[in-house]
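Student: I have a structure to go through. Can we test its labels against their definitions?

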Amino acid sequence: MEYVSSLTGFRFDGRRPNEMRQIRGEIGVLAKADGSALFEMGNTKVIAAVFGPREVQNKSQQIDNQALVRCEYSMANFSTGDRARKPKGDRNIISYSADHGSKYINTFDASFSGKNLKQIDIFLQVLQADGGTRSACINAATLALADAGIPMRDIVTSCSAGYLCSTPLLDLNYVEDSAGGPDVTVGLLVKMDKMTLLQMDAKLPAEIFTDVMQLAIEGCKAIASYIREVLLENTKTLECMRGS
């Protein structure tokens, strides 16, 4: 398959190499969660639910000067047409769940520090998978945390980029991701200019890696701008409803 046309320079789905799939976010999608969000990146769809902040239920899990963040990640059995059903104890799912929550610990405002530390539970489910599920989960969780009213010093966004046909490509879909080329996933605190995630599945020469990583960073920044627009729009909507 020709992933990037040698004639037009477009990818097989019509995007330019540095063009992201269409993204869409919506908050408040679950009535019984403290915060919730649906986030879409192309055909990848993820729903996130946040419960908390609340007092730490198991005091043995309490960590000094940190909020306890627990995360549970799962994929719906119908999320892909060719994915075998994953058992509840799948190692990749357990590892991802443990790793995901840690990305938010240092983003919370200082009001979460001190003796009365809080617990926050994040639940993520992939409804439809078409590449970039890890990034979509991070972006969905960020929106859900904001919807829960949890004060954060910065927001975490994520995007991936790959390298196919000697070309850096932003935001790989499933077909591109399955081609076997190197890809880099970045998680970024945009205002603080700090990475919370850097994952690469294959080796790249240093100069190419820099280009691919920078493309993923630009994707993170674009997603951060969009998330702020979603949150601002919902703030305006609430103000209009209160004034009506």
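Student: Why is Phe51 called partly exposed?

Tutor: Its relative accessibility is 27%. Buried means under 20% relative accessible area, exposed over 50%, and partly exposed in between, with a 1.4 Å probe and protein chains only. So Phe51 counts as partly exposed. Keep the source in mind: this is a predicted model, where local features need pLDDT of at least 70, side-chain atom pairs count only at pLDDT 80 or more, and totals for chains, interfaces and linings use all residues. Residues are numbered from 1 along each chain as its sequence is written, and side-chain values use heavy atoms, with hydrogens and water left out.

Student: Why does Phe123 count as partly exposed?

Tutor: Phe123 has 33% relative accessibility, so it is partly exposed.

Student: What makes Phe51 and Phe123 an edge-to-face aromatic pair?

Tutor: Rings of Phe, Tyr and Trp (its six-membered ring) pair if their centres lie within 6.5 Å; planes under 30 degrees apart are stacked, over 60 edge-to-face, and the rest tilted. The count by this rule is 1 aromatic pair. In that pair, Phe51 and Phe123 are 5.8 Å centre to centre, with 80 degrees between the planes, which is edge-to-face. The pair links distant parts of the chain, 72 residues apart: Phe51 is in strand S3 (residues 44-55) and Phe123 in strand S5. Strands (E, at least two residues) and helices (H or I, at least four) are DSSP runs, numbered from the N terminus.

Student: Why is Gln119 called buried?

Tutor: Its relative accessible area is 0%, so Gln119 is buried. Gln119 sits in strand S5 (residues 118-128).

Student: What makes the Gln119 and Asp121 side chains a polar contact?

Tutor: They lie 3.2 Å apart. A polar contact is a pair of N or O atoms within 3.5 Å; within protein, one must be able to donate a hydrogen and the other to accept it, and residues adjacent in sequence count only if both atoms are side-chain atoms.

Student: How do you know that the span of helix H2 agrees with its length?

Tutor: The expected span is 1.5 Å times one less than the number of residues. For the 15 residues of H2 (residues 133-147) that gives 21 Å, and the end C-alpha atoms are 21 Å apart, so the two agree.

Student: What makes H2 mostly covered?

Tutor: In H2, 12 of its 15 residues are buried. Among them are Cys137, Ile138 and Leu143.
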